[in-house]
Amino acid sequence: MTKKASSSRKSRTASEAAEPDEPFVWTRKDLLGLDDLSAGEIVHILDTAAGFEEVSTRSIKKVPALRGKVVGLMFFEPSTRTRMSFELAAGRMSADTILFQSAGSSVSKGETTLDTIRNVEAMGVDIFVVRHDQSGAPHMLARNVRAGIVNAGDGRHEHPTQALLDMYTIRQRLGRIEGLKVAVVGDIAHSRVARSNILGLRKLGAEVVVVGPPTLVPSAIAPMGCEIANSLDDVLGEVDVVNMLRIQFERFGTSMFPSLREYHKLFGMDSRRLRRCKKDVLVMHPGPINRGVELTSDVADGPNSCILQQVANGLAIRMAVLYLVSQGSQ
Ligand code: NCD
């Protein structure tokens, strides 16, 4: 019997998902968020990415998996690494890509997001990678177009491929996810990375504690299954991973705490705090880093940091996601 990944399936735990002899059939045409996925589907994406990781080590870094397919990279909000990572991932799978960036486009002439996408779809696009400042935009598009939709970050809602590459990196460095304790530190209120990480990590059996000043950690986050702490020092000794989130200045200015100095003093990771952590604690950051705010340079570039490994793994994750949704939309 084969396992079917469908939207109606209930979430399974990581151990229920680990039945390696049963072939897994992926059926989704979209990847909208980790909220929709079962533990089994998440593990399947991580395992598929592990298969693609080797492609990046070849001298000819290309496989024909998406030859003849067109991937539309639709960036309605600025992005550097996510856009480049998806573009390179699509290229490594031999897909053609077209890039849309809202600045200087017909969006500034009043075109709606759906009209923009429908026009580009008419050019024969099979999969859209969508980044949008409005939460839920990729979901609306998925209901209205035939092409597959991959969410590359929607407002404050979800950033599924970032959380997948974070989980992939944790599994690679620490050998497992189940049973670990992960601190997600900083601007939880405005962070789609935090939401997707909490959802994914909980599904795979990790404990999550969110840490930050009360103005940036809404109590409404607790029902997602995480602990809340307002002191980083209180949790340092008990966590296996610290994921330091960027302060999203573009979403609220600087009004949520007295000063950057004060924020760094209370919630920044530096060598003094690192010494109080478990010896092999993993320090993560989704980027872009504000050095001296979320973490100091010696920590960001030190042996516990896996920030560049996260970026490298992003490629394998995005290859896996593009491959799987292309299977789902056939
Ligand atoms: C994140 C994002 O855009 O949500 N960055 C990213 O995709 N690497 C996090 C951030 O901007 O802080």
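Author: What follows describes that sheet, its helices and the core beside it.

This is a predicted model, in which local features need pLDDT of at least 70 and side-chain atom pairs count only at pLDDT 80 or more, while totals for chains, interfaces and linings use all residues. Residues are numbered from 1 along each chain as its sequence is written, and side-chain values use heavy atoms, with hydrogens and water left out.

Helices (H or I, at least four residues) and strands (E, at least two) are DSSP runs, numbered from the N terminus. Two strands pair if DSSP finds at least two bridges between them.

Five bridges join E5 and E6 in the parallel sense, and isoleucine 127 stands opposite glycine 148 in E6. Contact here means heavy atoms within 4.5 Å.

The buried residues of H5 (residues 137-144) are Ala137, Pro138, His139, Leu141 and Ala142. Buried means under 20% relative accessible area, exposed over 50%, and partly exposed in between (1.4 Å probe, protein chains only). These buried residues of H5 pack against helix H4 (113-121), strand E5 (127-132) and strand E6 (148-154).

Leaving aside neighbours within four places in sequence, valine 129 is in contact with Val71, Gly72, Leu73, Met74, Phe75, Phe86, Val150, Ala152 and Leu322. Val129 and Leu322 are also among the residues with the most contacts inside the largest nonpolar core, which has 64 residues. A nonpolar core is a set of buried Ala, Val, Leu, Ile, Met, Phe, Trp, Tyr and Cys residues joined through side-chain atoms within 4.5 Å. Helix H13 (residues 307-328) gives the most to this core, with nine residues. At least three residues of the core come from each of domain 1 (22-156 + 314-328) and domain 2 (160-310), with domain bounds taken from an automatic or database domain assignment. In soluble globular proteins, nonpolar side chains tend to be buried together.

Threonine 82 also has contacts in this part. Its place is in helix H3 (residues 81-92), and with a relative accessible area of 5% threonine 82 is buried. Not counting residues up to four places away in sequence, threonine 82 touches Phe75, Arg131, Ala152, His159 and Arg318. Phe75 and Ala152 are contacts of valine 129 too. From threonine 82 to threonine 161 the separation is 79 residues in sequence and 8.9 Å in space, C-alpha to C-alpha.
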